[in-house]
Amino acid sequence: MSPALANAPSAVPDAELALQPLLPPGSRLLRSRRLSNTEAEVWVEFRGGSSPVIMRLNAAGRWEQDLNATLARGASQLQALARQQAAGLPAGFGQTAPDQPPPASLPPASSLIRPADREQETQRALSGAGRADPFVPQNVRAPEPLPDLPPLPELPPPPPEGEVPTAGATPPPTPDPAAFARSVQVSGFIQIGGESFALISAPATIPAVVQTGQDYQTAQVARVSVPERQVVLLEGGETVVKTMQDTTLIVGAP
């Protein structure tokens with residue numbers, strides 16, 4: 001740790017010392033500041049880029065890394081950067097074309113063809129056709145009568161009341177052994193050095209930051225791939241691959 005960090009009035013030396021063993025080789029601490037009585041922010045430089053790491057005091061009074069808060073802090077940075085880029089777009093960017101000019105005026109009503117009387121036109125068509133209904137096709141063979149259908153087969157009598165039939169009964173559906181793994185959703189990724197983490201969640205569960213080899217409820221995390229934006233889960237002997245659709249929540253990826 002540099003003397004400038006230790007002597008800064010807003011620095012949190014204890015949080016920096018707790019984070020130092022967790023950093024990958026080649027990284028260095030830039031600055032730190034206290035966010036609250038139990039939370040501190042430490043900025044780390046790695047491979048030419050800098051990113052914040054959120055540290056939190058645990059129940060024993062020791063500083064430890066809060067991965068969930070770190071991931072949320074990185075997401076807010078990305079959103080702020082997107083707003084800055086959108087503010088620099090040229091005027092009118094993304095707007096629709098102006099309305100087309102109104103069509104030319106219609107001709108006066110006196111020059112239009114007046115509608116004919118429907119009843120008079122119908123009678124004129126019938127008298128000129130020479131038959132009662134000119135809309136019925138001529139020289140059409142009458143449809144042949146349909147053959148008699150065979151009698152319906154006799155159904156067996158229903159079983160006595162209270163008795164469940166066994167023959168032809170529909171078997172109950174087989175439960176999905178990997179149902180929980182299929183319900184998992186991937187919300188984001190974070191990479192610090194060679195360590196890759198993923199933020200995942202599932203219905204009726206608490207979101208968690210996991211890495212390869214950890215368990216999430218009844219599923220095991222087999223692999224976390226930041227470049228492919230994928231998390232591979234194992235449950236019930238089946239492999240389930242979950243992919244994050246929104247790739248904006250990625251912190252620390254090279």
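Student: What makes strand β9 and β10 count as a pair, and in which sense do they pair?

Tutor: Keep in mind that this is a predicted model. Strand β9, residues 219–225, and β10 are joined by 5 bridges in the antiparallel sense. The cut-off for pairing is at least two bridges, so with 5 bridges β9 and β10 qualify as a pair.

Student: Which sheet has β9 and β10 in it?

Tutor: An open sheet of 4 strands, ordered β8-β9-β10-β11, with antiparallel pairing.

Student: Why are β8 and β11 said to stand at the edges?

Tutor: Because β8 (215–216) and β11 (238–243) each have a single partner strand, one side of each is left without a neighbour in the sheet.

Student: What is the order of the open sheet that starts with β1?

Tutor: That sheet has 4 strands in the order β1-β2-β3-β4, and the pairing is antiparallel. Its edge strands are β1 (28–36) and β4 (63–65), each pairing on one side only. On average, neighbouring strands here are turned by 30 degrees against each other, direction ignored.

Student: How do you know that β2 and β3 pair?

Tutor: Strand β2 (residues 39–46) and strand β3 (residues 49–57) share 8 bridges in the antiparallel sense. At least two are needed, so the pair passes with its 8 bridges. Along it, E45 has S50 in β3 as its bridge partner, and W43 stands opposite P52 in β3.

Student: How many bridges join β3 to β4?

Tutor: There are 3 bridges, and the two strands run antiparallel. The cut-off is at least two, so 3 bridges make β3 and β4 a pair as well. L57 has W63 in β4 as its bridge partner. These strands also form a hairpin, with 5 residues between them, and G61 in the turn has a positive phi of about 85 degrees.

Student: Why is V53 called buried?

Tutor: V53 lies in strand β3, and its relative accessible area is 4%. Buried means under 20%, so at 4% V53 is buried. Setting aside neighbours within four places in sequence, V53 is in contact with L19, A40, E41, V42, V44, Q65 and T70. Take Q65: it sits 12 residues from V53 in sequence, with 7.3 Å between the C-alpha atoms.

Student: Why is R73 called partly exposed?

Tutor: R73 belongs to helix α3, residues 67–87, and has a relative accessible area of 24%. Buried is under 20% and exposed is over 50%, so a value of 24% falls in between and R73 is partly exposed. Beyond neighbours within four places in sequence, R73 is in contact with E41, W43, P52 and I54. The C-alpha atoms of R73 and E41 are 9.6 Å apart, with 32 residues separating the two along the chain.

Student: What makes the link between the side chains of T205 and Y216 a polar contact?

Tutor: T205 is in the loop between β6 (195–201) and β7 (208–210). Its link to the side chain of Y216 is 3.0 Å. The distance cut-off for a polar contact is 3.5 Å, so 3.0 Å is within it. The T205 side chain also reaches the backbone oxygen of A202 at 2.6 Å. Leaving out neighbours within four places in sequence, T205 is in contact with F180, Y216 and Q217.

Student: Which elements have the lowest and the highest mean pLDDT?

Tutor: Helix α1 (residues 3–7) has the lowest, 45, and strand β10 (residues 230–235) the highest, 96. Over residues 1–7 the pLDDT is below 50, and this stretch has 8 contacts in the model beyond near neighbours in sequence. Where pLDDT is low, the predicted coordinates should not be read in detail. For the chain, the mean pLDDT is 78, and 70% of its residues reach 70 or more.

Student: How many helices and strands are there in the chain?

Tutor: There are 5 helices and 12 strands. Buried residues make up 26% of the 254 residues.

Key. Residues numbered from 1 in each chain as written. Predicted model: local features only at pLDDT ≥ 70, side-chain atom pairs only at ≥ 80, totals over all residues. Heavy atoms only, no water. Axes fitted to C-alpha atoms, helices over the stretch in contact; angles between N-to-C directions. Buried < 20%, exposed > 50% of the residue type's maximum accessible area, 1.4 Å probe, protein only. Contact = heavy atoms within 4.5 Å. Polar contact = N/O pair within 3.5 Å; in protein donor to acceptor, adjacent residues only side chain to side chain. pLDDT = per-residue confidence, 0-100.
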